[in-house]
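Q: Could you walk me through this one? I'd like to start with the charged pairs and then move on to the interface and the rings.

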Number of protein chains: 2
Amino acid sequence: MELLKERIRKEGKILPGNIVKVDGFLNHRIDVPLMEQIAQEFRRVFAGKDITLVLTAEASGIALATICAQAFGVPMVFAKKAKSDNIEGGLYQSDILSYTYKKKVTLLVSKEWLSASDKVLIIDDFMARGEAMRGLCDIVREAGAELVGIGVAVEKGFQHGGDRLREAGIPLHSLAIIESADENGFVFREE
Amino acid sequence: MELLKERIRKEGKILPGNIVKVDGFLNHRIDVPLMEQIAQEFRRVFAGKDITLVLTAEASGIALATICAQAFGVPMVFAKKAKSDNIEGGLYQSDILSYTYKKKVTLLVSKEWLSASDKVLIIDDFMARGEAMRGLCDIVREAGAELVGIGVAVEKGFQHGGDRLREAGIPLHSLAIIESADENGFVFREE
């Protein structure tokens, strides 16, 4: 998606340790009209799939997933991280290693809000090693629901989380795949 | 807001310890059209205020804040909890006690995305003791920005966090204030 790549080129920053920072429009300050354009792109990609639910993981995926759910006219469910008192009983869960926080976290979804009859589109703002995504796929499988596809705004291609999912036959569509990010700027994977 | 109160009466649950659960439409599974109606209500309440930014705290406030930012035509910024590698330097911060997680957490907002020229509307899905809200108000004050108002979907009136903010002269508007929640059901504060 050229518009998104342009924003990354223009406003993205590269921090030591290959950390790509796009927090001015995607995951700290949210540019809502950009989210709407991303959602329209996912609508085009996943057209005719009878999606019943958009699923993401807290926290930074929630904004984009909300706008995508709005575009598809379906509810959005976000997996919670770790246990809070506000979730009772029946839970789907998957342990993942958080790259951001350098520790194990458990993704949780209440069985009340995801069932075997759901056709699920997973949405996330960002994918690096794909741990959160693997956890969300686990949860969809646990529920016996159908995984229709995965839509990611920005994928760090050089960390290969997305490639592993594609090799496993999962329909993953990323709108901007960063192949390298260094002092020379961003290089995107050719489509 | 009668529509929201009806949903709470119909679908809300009361767990031991006065925990009010509205996770079927507000803070785990998100009913996007309901968020749109809540956003329109806040537009009515805060009309003509020249709001430049909607601010919330991760995680469960993000969905509603995103739809409110869309309705006001402004960006949304969410305060992060605790430090991640993805935020560098210059931060506004405030320590709060999380009721949900029973521990101290630090709310963080990058100085890049909130400035003294901003007119800020704080939005949250839920308020109990108002700790997260106090932290967000601190951050707006630290930035020297103008706090135009606070919009909360569901306030637990019996925990008095909202009353303390109102006494301090802060324009807080909650769409459903629960005065009591027990085996007899929900009682809302009269408007």
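A: A salt bridge here is a side-chain nitrogen of Lys or Arg within 4 Å of a carboxyl oxygen of Asp or Glu. By that rule Glu131(B) and Arg134(B) form one, with their closest N and O atoms 3.1 Å apart. Please keep in mind that this is a predicted model, in which local features need pLDDT of at least 70 and side-chain atom pairs count only at pLDDT 80 or more, while totals for chains, interfaces and linings use all residues. Residues are numbered from 1 along each chain as its sequence is written, chains are lettered from A and ligands numbered from 1 in the order in which they are written, and side-chain values use heavy atoms, with hydrogens and water left out.

Q: OK, how many salt bridges over all chains?

A: The search of the whole structure finds 32, and across the interface of chain B and chain A the rule finds four.

Q: Which residue of chain A does Lys21(B) meet in a salt bridge?

A: Lys21(B) meets Glu112(A), at 3.3 Å from N to O. Lys21(B) also forms a salt bridge with Asp23(B), where the closest N and O atoms are 3.6 Å apart.

Q: And Lys21(B), buried or exposed?

A: Taking buried as under 20% relative accessible area, exposed as over 50% and partly exposed as in between (1.4 Å probe, protein chains only), Lys21(B) counts as buried because its relative accessibility is 4%. Asp23(B), at 6%, counts as buried too.

Q: Back to the interface: what area do chain B and chain A bury between them?

A: About 3800 Å², 58% of it on carbon and sulfur atoms, where buried area is the accessible area (1.4 Å probe) that two parts lose on being put together, summed over both. The contact (heavy atoms within 4.5 Å) takes 41 residues from chain B and 41 residues from chain A.

Q: Switching to rings, how many aromatic pairs are there over all chains?

A: There are four, counting rings of Phe, Tyr and Trp (its six-membered ring) whose centres lie within 6.5 Å, with planes under 30 degrees apart called stacked, over 60 edge-to-face and the rest tilted. Phe186(A) and Phe188(A) have ring centres 6.4 Å apart and planes at 20°, so that pair is stacked, and both residues are buried.

Q: What about Phe42(B) and Phe46(B)?

A: That pair is tilted, at 6.3 Å centre to centre with 35° between the planes. Phe42(B) counts as buried at 0% relative accessibility, as does Phe46(B) at 5%.
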